[in-house]
Amino acid sequence: MNSEEKQSLIKSVNEASPDGLRQFIINQAQYDPSFFQDVTAQFGELDTDAEFAKTKKLIQSTIRHNKTYGFIDYQGCINICNTLDDIINKYMLRFRQGHYQHALSGLLLVVTTCGRMLSTADSSSGALTDTFDRVFSAMKNLSTNIAPTLLDTQKDALVKEAIRTFKRKLFADWAEQRYKILYNVLPLISEKSAKLIQTASKNVIKSVEAGYDQVQSQIQDKILNARILIQLGQTDAAYEFMNENKDIPEIREVAIQNAIQNKDYPLAERLSLQASEKDPGCAEFGSSI
């Protein structure tokens, strides 16, 4: 909807009578199941279990119609990702309507579906990468915005749900995607749930086959630990940990991002220059604090 259409809609709604709007909503909801769900979610009691089950059936049906002999081809991957993108939009609407647990469950369902497609789809179009980016961005948006409004017990419940998805075996060969599940719920962590996350990460590393995948998981685990320390406000411990692991490029990137976040631009500049020079004897991260 462009700006002109939006203004026209606002004008029409403002000029409509309450009874006219009420009747329009009732009539429209009778013939449009999606509209009915949105109205119920906004003004009534949404049956989250029924909607979640319906979403799973939609995903299963879409995959079934775009899969041949266990493989999803180029166009099939695009078709499925288009459906998943619509689902992300729907569950972000549920988030805005206050259904936080339901919204995160829907987003994690998309993550799980994308995870399964990593090994079964021709993703050369970039559609799968784009959908991963969208769902992780949505998770970060949700987590950041609801964190100030929830009790620790409520936040811990959401983090535990993310951990369950993180532990799924289907991510065994995909460390980067697996760890992004946790990175994007970090605004919700408490000291208690941080320990649960760290334990889950260590157990995952043990379960991954030795070699490249295990090394990648170990790197992601270090990034996770640095981000947890930053999120919990343990500044000194975070700088010490990052300094100990400064030769890992991804850790240096976290340090640069953190310096920019804290408006410590001289530190960010120095770290960036050191990274470009690949100087193993660079100054410690916390030297300007």
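A crossing of two helices is left-handed if the near helix is turned anticlockwise from the far one by less than a right angle, and right-handed if clockwise. By that rule H9 passes H11 in a right-handed crossing. The model is a predicted one, in which local features need pLDDT of at least 70 and side-chain atom pairs count only at pLDDT 80 or more, while totals for chains, interfaces and linings use all residues. Residues are numbered from 1 along each chain as its sequence is written, and side-chain values use heavy atoms, with hydrogens and water left out.

Helices here are DSSP runs of H or I with at least four residues, numbered from the N terminus. Helix H9 covers residues 175-183, and its axis comes within 9 Å of that of H11, crossing at roughly 15 degrees. An axis is a line fitted to C-alpha atoms, for helices over the stretch in contact, and angles run from 0 to 180 degrees between N-to-C directions. H9 and H11 are therefore roughly parallel to each other, a label for angles under 35 degrees. In this pair Ala175, Glu176, Tyr179, Leu182 and Tyr183 of H9 meet residues of H11 that include Gln216, Ile223 and Arg227; contact means heavy atoms within 4.5 Å. The contact of H9 with H11 holds six nonpolar, three polar and three charged residues. In these classes Ala, Val, Leu, Ile, Met, Phe, Trp, Tyr, Cys and Pro count as nonpolar, Asp, Glu, Lys and Arg as charged, and the others, Gly among them, as polar.

With helix H10 (residues 191-207), H8 packs at an angle of about 5 degrees, the axes being 10 Å apart. H8 and H10 are therefore roughly parallel to each other. On the H8 side the residues are Asp156, Val159, Lys160, Ile163 and Phe166, and they meet residues of H10, among them Leu196, Ile197 and Val204. Seven nonpolar, two polar and three charged residues make up the contact of H8 with H10.

The other packing joins H8 (residues 152-166) to helix H6 (residues 100-117), with axes that come within 10 Å and cross at roughly 10 degrees. That angle makes H6 roughly parallel to H8. H6 passes H8 in a right-handed crossing. From H8 the contact uses Ala157, Leu158, Glu161, Ala162 and Thr165, and from H6 it uses residues including Tyr100, Leu104 and Leu108. Seven of the residues in the contact of H6 with H8 are nonpolar, four are polar and one is charged.

On a 1 Å grid over the protein atoms alone, a pocket is an open set of points where a 1.4 Å probe fits, with protein on both sides within 12 Å along at least five of seven lines, and lining residues have an atom within 4 Å of a point. The second largest pocket has a volume of about 400 Å³, where volume is the space filled by probe spheres set on the points, which are joined across faces, edges and corners. Helix H4 (48-65), H6 and H8 each supply at least two residues of its lining, and H6 gives the most, with seven.

The largest pocket holds about 550 Å³ of space. Of its 16 lining residues, Lys140, Ile230, Gln231, Asn258 and Gln261 lie nearest its centre. H13 gives the most to this lining, with four residues.

Key: Angles under 35 degrees count as roughly parallel, over 145 as roughly antiparallel, 65 to 115 as roughly perpendicular and the rest as oblique.
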